[in-house]
Amino acid sequence: MPSDEQLAVGLLGRTAYGRAATTMRALPFLALARHIVADGRVLLRMPASWGYHQVCAGSVVAYGADNLTSARPGESLWTVQVVGRCEAHQPSAAELERFGPAPARVDGEPFEPAYLRVDPQFGTVHFTDGAAGPA
């Protein structure tokens, strides 16, 4: 049976976007990121113009995602979080391809990506019992 960390990373592989959480000047913040899973690590792409990558790199971050809006009727809802050290990352050509096309603009400015890597130290997973469906 996989550990919570392994299960969390596996479920992250089913989604494309999530949120990185850390602190900036002792205040918590969340940053949207595109992610892929590679070799048990979570690779992130976020807009460099936001500057959040500079705060995340070298810190411990929590990264989470869910299927709350994408679950099919009858499918279990889940939410996962991994926590680990975050570092700048230079993606390979294959990783860049897996990220897919980037947006042309973010907040009205040309998109310039920043890439990060989270090495999960632990993870949490929460499920419902097949309760997904129209509200």
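Two strands pair if DSSP finds at least two bridges between them. Strands (E, at least two residues) and helices (H or I, at least four) are DSSP runs, numbered from the N terminus. This is a predicted model, in which local features need pLDDT of at least 70 and side-chain atom pairs count only at pLDDT 80 or more, while totals for chains, interfaces and linings use all residues. Residues are numbered from 1 along each chain as its sequence is written, and side-chain values use heavy atoms, with hydrogens and water left out.

**View 1. Strands β1 and β2 form a hairpin.** Residues 17-24 make up β1, and residues 27-38 make up β2. The two strands pair in the antiparallel sense, over eight bridges. Opposite R19 stands L32 in β2. Two residues lie between the strands of this hairpin, and R25 takes a positive phi near 55°.

**View 2. Strands β2 and β3 form a hairpin.** Strand β3 covers residues 41-47 and pairs with β2 in the antiparallel sense over five bridges. L43 in β3 is the bridge partner of I36. Between β2 and β3 there are two residues, and D39 in the turn has a positive phi of about 50°.

**View 3. R85 and E87 form a salt bridge.** A salt bridge is a side-chain nitrogen of Lys or Arg within 4 Å of a carboxyl oxygen of Asp or Glu. The structure holds two of them. Side chains of opposite charge can pair when their charged atoms come close. Here the closest N and O atoms of R85 and E87 are 2.9 Å apart. Residues are sorted by relative accessible area: buried means under 20%, exposed over 50%, and partly exposed in between (1.4 Å probe, protein chains only). R85 counts as partly exposed because its relative accessibility is 41%. E87 is also partly exposed, at 24%.

**View 4. R117 and D119 form a salt bridge.** The closest N and O atoms of this pair are 3.2 Å apart. R117 has a relative accessibility of 18%, so R117 counts as buried. D119, at 21%, counts as partly exposed.

**View 5. F111 lies in the loop between β7 and β8.** Strand β7 covers 109-110, and β8 covers 113-127. F111 counts as buried because its relative accessibility is 15%. Contact means heavy atoms within 4.5 Å. Not counting residues up to four places away in sequence, F111 touches R45, M46, P47, A102, P103, A104, R105 and V106. F111 and M46 are 65 residues apart in sequence, and their C-alpha atoms are 9.1 Å apart in space.
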